[in-house]
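Here are my notes on this one. Have a look at the model first, then read on.

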Amino acid sequence: MADELKKMLDDKEKVQLIIAAVVMLGGLVVLLKSVATGQAMGQKWLESKGNADTDMYLETVKSYIHLYQIVGGVMFGGGLLTLLRAKLKK
């Protein structure tokens, strides 16, 4: 009975580590693609508006880039911290 419980806990930890690694890698991809994605979102915003002031367009693009950088950073950091915590726990 105790061996089965230990095996289930080990399997659960492995799944958590895999999820953490995927989240970390996903965050890294979001960080690396933040500029291109932010520019694409700014372009979509401009198309939906019809036309806009250049300064407003540039601020919108910067805002989208920063949004993706923050999201990517949180994902990467969260995944990395989870992996490090699991490594230090053992």
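The points below cover the fold, the helix packing, a salt bridge and a surface patch.

1. Ground rules: this is a predicted model, so local features need pLDDT of at least 70 and side-chain atom pairs count only at pLDDT 80 or more, while totals for chains, interfaces and linings use all residues. Numbering starts from 1 along each chain as its sequence is written, and side-chain values use heavy atoms, with hydrogens and water left out.

2. Overall, the protein has three helices and zero strands, in the order α-α-α along the sequence. Helices here are DSSP runs (H or I, at least four residues), and strands are E runs of at least two. Of the 90 residues, 16% are buried (under 20% relative accessible area; exposed is over 50%, partly exposed in between, with a 1.4 Å probe and protein chains only).

3. Helix α2 (residues 34-49) packs against helix α3 (residues 54-89) at about 140 degrees, axes 8 Å apart.

4. You'll find one salt bridge (Lys or Arg side-chain nitrogen within 4 Å of an Asp or Glu carboxyl oxygen). Glu59 pairs with Lys62, with the closest N and O atoms 3.5 Å apart. Both sit in helix α3, three residues apart, about one turn of the helix. Glu59 is partly exposed at 46%, and Lys62 is partly exposed at 44%.

5. Leu25, Leu28, Leu31 and Leu32 make a nonpolar surface patch with about 360 Å² of accessible area together. Leu31 belongs to helix α1 (residues 2-32).

Conventions
Patch = residues over 30% accessible without salt bridge, like charges linked within 9 Å, V, L, I, M, F, W, Y side chains within 5 Å. Areas by Shrake-Rupley, 256 points an atom, 1.4 Å probe, with all protein chains shown as cover. Axes fitted to C-alpha atoms, helices over the stretch in contact; angles between N-to-C directions.
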